[in-house]
Amino acid sequence: MAIRNLINLESVSKAFDIKPLLLSVSLGIAEGERIGVVGRNGGGKSTLLKVLAGVEDVDSGRVSRGANVRIGMLSQTDSAAPGSSVRDVVLGDAETHVWASNIEVRDVLHGLFGGFGDEILDRNFHSLSGGERRRVNLAKLLIDELDLLLLDEPTNHLDVEGVAWLANHLKTRTTLSVVVITHDRWFLDEVSENIWELQGETGEVKQYEGGYSAYVLSKAERQRQVGVENNKREMLVRKELAWLRRGAPARTAKPKFRIEAANTLIENEPPIRNDAELLNFATNRLGKTVYECQHISVAAGEKQLLDDVYWNIGPGDRIGIIGVNGSGKTTLMRTLAGEAKVSGGKLVTGITVKSAFLSQHLTELNPEWRVLEAVEHVAKYVEIGSGKELSASQLCERLGFDRESQWTPVGDLSGGERRRLQLTRLLMESPNVLLLDEPTNDFDVETLTALEDVLDTFAGTLLVISHDRYFLERVCNRFVGLMGDGTLRDLPGGVDEYLRLRAQNEVDQEVVEIRPTVSSAALARDAKKEIAKIEKQIEKVRAQETDLHLAQQEFASDHEKLAEVMKELAIVAARIEELEEQWMLTSSLYEQHSQPQ
């Protein structure tokens, strides 16, 4: 049977102002094809998806679509009619007995929402956080009968478990064509069979066969053939290839490329990190004690997140923290950073610890400062180990701010660029402990590679929360998991072990559900009351947030008052995050005990 062609682009060009995003691009998508799209931020990736979907017109060339091709797109903006519930958006007017008897629909709802009870489906769409809205729209697309799925950053706001579920789900949909923009390289490797790389400078699109790992090899091989040496970008590609080939977790058998070619390219490439040298330097900077958690308990409001945890963090440790949403990862990080207190036990912090905490909330800076000026306000030079120093300009350049963009006003930066600037400023403080909460948000693949290179030289203790599995495995060598039951567990088997434990936990819960206890109904009633209480608290705090945003506009030209408002906004944002964690945990408890016995 002939494979159906869904979309063809013939000599398509599209420009934004005078910048060519697509220039004479010719591409095609066939039935069942899986394509990953990579390229620098602002290079036209989202525009390409909009052209494929037919929501953006082209300046020249031709876009042809097959007859009756059904296309769905997950974009960066989400919308629904006023008053819509999650049920309205995802299931429309489908009768409950119709969708509930469909195993594929139930699998999607369980995979993205953790269940399909009324307390989940009846929530108002517009009351949800941005991440929750994205899950809702993704669920709708996965349930719809489509031929082509266009996904713009689908793994944003999904935890490690959610990303693994989505990858597995898409792999089972063999006739569904998928084009995905994502900076999640593990997801690209799992899902993609071809890679399209947008060349932002020229408007071209280069095609590579295979997933992300194969793309890295092919790119390095192309560079070798044209004799490219000494270019920083190309050196990073070879370094990444060396990591992939020398035993990257779960990838030694995965890449679809010739092993001989890969080994030839990396034979002179040194190890990505000199762990012994870094540990020695870290010990000299930190001594023997960094953090000692002595039977600590951690709470968010009245909700206990961690209970009786003993955990020792030493000099030079590089630890990835994984956990279900609402398990307390961010609260734990804030506790270590000194922004929150333990509710029980004792936290001992080494006297030499100088920590820097990258939170999910951006720090407001003077919008008139230039990028380099904002960094030099912290320091002009930073020591990176072994007696080596980098200037503020050099560190900016390593994190994607070239000489020209270093003179960009802070007020003109995008969200991803502001986050890069925030990280650059933290590194200029010369910390010996780095606490990174979702550091990869809004970064393109090239910037992620550069960040990994910088962290490879960090001679201190590193703790990372991230849903980006590739990044975690690349920069960390130890993993711990917050299992959602108040425990913190060491994970010698890394992310794979965490996913196995979570899957086993779900099986155990199913066994408990078919052996109901007398207290289940009471627990459900208590949980429902607690949910209502938390929702009122969220509504109240969000009202405070709205007032502060208005004050922010009012005092835009008064830097002192604006700074006070921004400080209050940060506190309110942290409180909202804590309340949402409580809501997730309590909703999970309610769902567990409210199912019909």
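Reply: Happy to! Tyr470 is buried, its relative accessible area being 0% (buried means under 20%, exposed over 50%, partly exposed in between, with a 1.4 Å probe and protein chains only). This is a predicted model, so local features need pLDDT of at least 70 and side-chain atom pairs pLDDT 80 or more, while totals for chains, interfaces and linings use all residues. Residues count from 1 along each chain as its sequence is written, and side-chain values use heavy atoms, without hydrogens or water.

There are four aromatic pairs in the structure (Phe, Tyr or Trp rings, the last by its six-membered ring, with centres within 6.5 Å; planes under 30 degrees apart are stacked, over 60 edge-to-face, the rest tilted). One of them joins Trp99 and Phe116 edge-to-face, at 6.1 Å between centres and 85° between planes. This pair links distant parts of the chain, 17 residues apart: Trp99 belongs to helix H3 (residues 96–100), and Phe116 to the loop between helices H4 (103–113) and H5 (118–121) (helices are DSSP runs of H or I, at least four residues, numbered from the N terminus). Trp99 is buried at 6% relative accessible area, whereas Phe116 is partly exposed at 30%.

Back to Tyr470: its ring and that of Tyr212 have centres 5.6 Å apart and planes at 85°, so this pair is edge-to-face. Tyr212 lies in helix H9 (residues 212–225) and Tyr470 in helix H18 (residues 469–475), 258 residues apart. Tyr212 is buried too, at 1%. Together with Tyr208 and Tyr215, Tyr212 and Tyr470 make up one aromatic cluster.

Technical notes. Helix = DSSP H or I, 4+ residues; strand = E, 2+ residues; numbered from the N terminus.
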